[in-house]
Amino acid sequence: MKKIIAGLEHLLALGGTKKDIVLLAVSGAALLVSLSAWEPFPFDAAWVAIILCGVPIILEAVIGLVTAFDIKADILVSLALVASVCIGENFAAGEVAVIMQLGALLEDLTVARARAGIERLVHLTPQTARVIRDDEEAIIPAEQVTVGALLRVLPGETVPVDGVIVAGQTSVNQAVMTGESLPVDKSEGDEVSSGTVNQFGAFEMRACRVGEDSSLQRMIRLVQSADAGKAKIVGIADRWATWIVVTALTAAAATWLISGEIIRAVTILVVFCPCALVLATPTAIMAAIGNATKHGFLVKEGDALERLAKVTKITFDKTGTLTRGAPKVTAVLPSLPSVSAEELYSLCAAAEQLSEHPLGKAVVGSYKSETGASLPPSDNFKMFPGRGVSADVNGKRILAVSREMMTERGIDISRETAEAAEKCLSQGCTVVYVAADGALAGCLALADAVREESADMIAALKSLKVQPVLLTGDNERAAAAVAERLGIEAVHADCLPEDKLKHIASYQEQGEAVCMIGDGVNDAPALKSAAVGIAMGGAGSDIAVDAADIALVDDNVKELPHLLALSRRMLSAIKLNMTFSMTLNFIAIILAIIGALSPVVGALVHNAGSVLVIINSAALLKWKRKR
């Protein structure tokens with residue numbers, strides 16, 4: 001015994017889990033049951049299987065029946081075990097116990113591990129705030145900020161509470177709340193939300209919503225509560241357990257009374273045990289999960305594929321899911337005859353090369369990747385937080401700024417340039433205006449690049465009779481432009497986390513099964529509340545991945561149709577497994593009633609049925625979608 005305990009401790013020390021120990025015990029018990037059928041074996045090893053695998057089943061069945069009158073398949077198994085032991089059919093009892101524990105173990109292996117998404121959300125909560133009192137700045141805990149307090153937020157700091165800017169200009173990264181790929185310019189009178197990040201200029205703000213009323217805290221509560229209403233799949237054997245138990249007892253009792261042979265009654269109980277039925281679902285799920293893994297999906301929730309098979313709508317976040325999540329230059333529009341598109345592009349990129357703003361970095365990155373040329377040097381660089389930059393390039397004073405700043409500097413924008421810029425804006429682009437020595441030289445349009453595979457993926461989903469829906473925090477024009485390009489008819493723009501929840505809840509109230517696909521922190525509540533949540537595992541936030549049922553590890557969205565088709569094929573395999581197992585049970589019961597089967601032969605029939613179920617499920621490992 002000491003050696004056994006030492007061996008188990010060594011297994012745990014090597015990283016093994018309790019499930020590994022259970023698997024080891026079940027495997028050992030199965031081996032001993034097989035050996036017990038071998039006559040020269042020195043003792044009845046089936047007792048080992050009965051004790052290791054059967055006793056836990058009996059205890060769980062009794063506890064569930066006594067404490068909650070919960071009738072499960074374990075009750076019938078317990079009756080068969082006890083009856084088999086009473087008449088000396090130990091092999092049959094041990095064999096049934098091993099198969100049932102194997103089925104339970106497979107189900108346990110498909111249950112998701114504990115996740116830390118809520119804890120990570122909590123870690124995003126700002127801990128301190130800079131409060132201004134009597135013209136003096138003091139740092140206090142964020143939870144002590146009161147409504148109406150005057151706060152200062154420096155570049156790089158997280159906004160501690162919801163409020164309104166009263167002084168200063170900046171750009172704020174709102175990805176936590178809206179998922180937008182680009183920071184949003186803010187000035188006096190604009191609202192800012194807790195958890196968002198101030199990127200550049202310092203500003204002062206007046207607190208409006210604090211503590212539990214702040215935007216970030218509301219989203220944390222949404223994530224905590226969204227999972228409560230998600231239905232869990234109940235094992236089919238347990239779902240039908242009451243009818244199985246009643247039918248089995250009735251058949252066994254009737255057979256005993258009519259034939260007077262108790263062994264027939266025990267055989268009926270043995271063959272009535274839903275061994276193959278218990279294996280029907282978990283084996284198919286495990287095989288499908290293995291297939292999904294080969295295609296870049298990490299399935300975290302065991303029943304997620306069952307739910308996915310019934311999905312009728314798939315809601316997509318835009319930024320980082322259907323798009324790359326990073327802007328690039330899509331158009332260069334010169335205004336002066338003396339300045340070519342190539343020169344305008346070069347001047348703007350050179351002026352932006354010292355900028356830390358994402359738009360500036362996008363211009364520089366796009367220029368270098370598209371042209372492969374080096375940039376001319378720039379001098380006297382100056383940044384206007386949330387508005388643009390200026391620098392001397394090739395002897396010219398270059399401004400790369402917003403339209404508002406162009407107007408402030410008294411630089412006229414021609415009608416042709418204004419119309420071209422408006423057309424770009426209507427397509428969801430962001431426009432940077434460029435001036436050289438006080439005269440408008442033209443403008444550059446930037447947009448979040450749509451993934452090359454997104455259009456084909458959306459078309460494939462439609463062919464599977466699933467409707468795609470766009471749920472995004474971006475503005476209506478950006479959302480409409482992407483939706484039109486990809487062929488998505490249903491679009492909801494300007495969505496905060498609670499808005500996405502409302503849209504999903506509305507669909508689900510109409511009887512639709514909804515799958516949500518997203519990548520950002522702001523998508524976490526929606527990923528939790530949908531029937532199935534799929535997170536972009538590569539570019540997505542850790543919190544989104546933790547909140548989802550499935551993670552797309554390599555962000556290759558073209559594999560989504562395969563996953564959906566695989567889930568439907570898996571559900572078909574489960575139904576076939578159940579039909580086969582019930583048919584086999586019915587035939588075995590008839591044979592047991594007429595005395596053609598003994599308990600041992602009945603147990604072996606179960607074994608054969610279980611093997612065939614496993615073989616059918618294993619076919620899912622190499623299944624591929626027909627295109």
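Biologist: Is Glu 476 buried or exposed, and why do you call it that?
Modeller: It's a predicted model, so keep that in mind. Glu 476 has a relative accessible area of 57%. The cut-off for exposed is over 50%, so Glu 476 counts as exposed.

Biologist: Which helix is Glu 476 in?
Modeller: Helix α20, which covers residues 476–486.

Biologist: And how far is Glu 476 from Ala 493 in space?
Modeller: The C-alpha atoms of Glu 476 and Ala 493 are 5.2 Å apart. In sequence the two are 17 residues apart.

Biologist: Switching to Ser 529. Buried or exposed?
Modeller: Buried. The relative accessible area of Ser 529 is 18%, and buried means under 20%, so Ser 529 falls in that class.

Biologist: Where does Ser 529 sit, and what does its side chain reach?
Modeller: Ser 529 belongs to helix α22, residues 524–529. Its side chain reaches the backbone oxygen of Ala 526 at 3.3 Å.

Biologist: Now cavities. How many are there of 30 Å³ or more?
Modeller: One cavity of 30 Å³ or more is counted. The largest cavity holds about 40 Å³ of space.

Biologist: Which residues line the largest cavity?
Modeller: Leu 308, Ile 314, Cys 515, Ile 517, Ile 534, Leu 560, Leu 563 and Leu 564. Two elements give two or more residues each to that lining: β20 (514–518) and α24 (560–593).

Biologist: Which element has the largest share of the lining?
Modeller: That is α24, with three residues.

Biologist: What does the lining look like by class?
Modeller: Eight nonpolar residues, no polar ones and no charged ones.

Biologist: OK, sheets. What's the strand order in the open sheet of six strands?
Modeller: The order is β12-β17-β16-β15-β14-β13, and the pairing is antiparallel. At the edges are β12 (323–334) and β13 (378–384), each pairing on one side only.

Biologist: By how many degrees are neighbouring strands of this sheet turned against each other?
Modeller: By 20° on average, ignoring direction.

Biologist: Zoom in on β14 and β15. How many bridges join them?
Modeller: Six bridges, with the two strands running antiparallel. Strand β14 spans residues 388–393 and β15 spans residues 396–401.

Biologist: What is the bridge partner of Ser 390 in β15?
Modeller: Leu 399 is the partner of Ser 390 there.

Definitions and conventions: Residues numbered from 1 in each chain as written. Predicted model: local features only at pLDDT ≥ 70, side-chain atom pairs only at ≥ 80, totals over all residues. Heavy atoms only, no water. 1 Å grid on protein atoms, 1.4 Å probe; cavity = no way out; pocket = protein on both sides within 12 Å on 5 of 7 lines; lining within 4 Å. Points joined across faces, edges and corners; volume = space filled by probe spheres on them. Helix = DSSP H or I, 4+ residues; strand = E, 2+ residues; numbered from the N terminus. Nonpolar A, V, L, I, M, F, W, Y, C, P; charged D, E, K, R; others polar. Pairing = 2+ DSSP bridges. Axes fitted to C-alpha atoms, helices over the stretch in contact; angles between N-to-C directions. Buried < 20%, exposed > 50% of the residue type's maximum accessible area, 1.4 Å probe, protein only. Polar contact = N/O pair within 3.5 Å; in protein donor to acceptor, adjacent residues only side chain to side chain.
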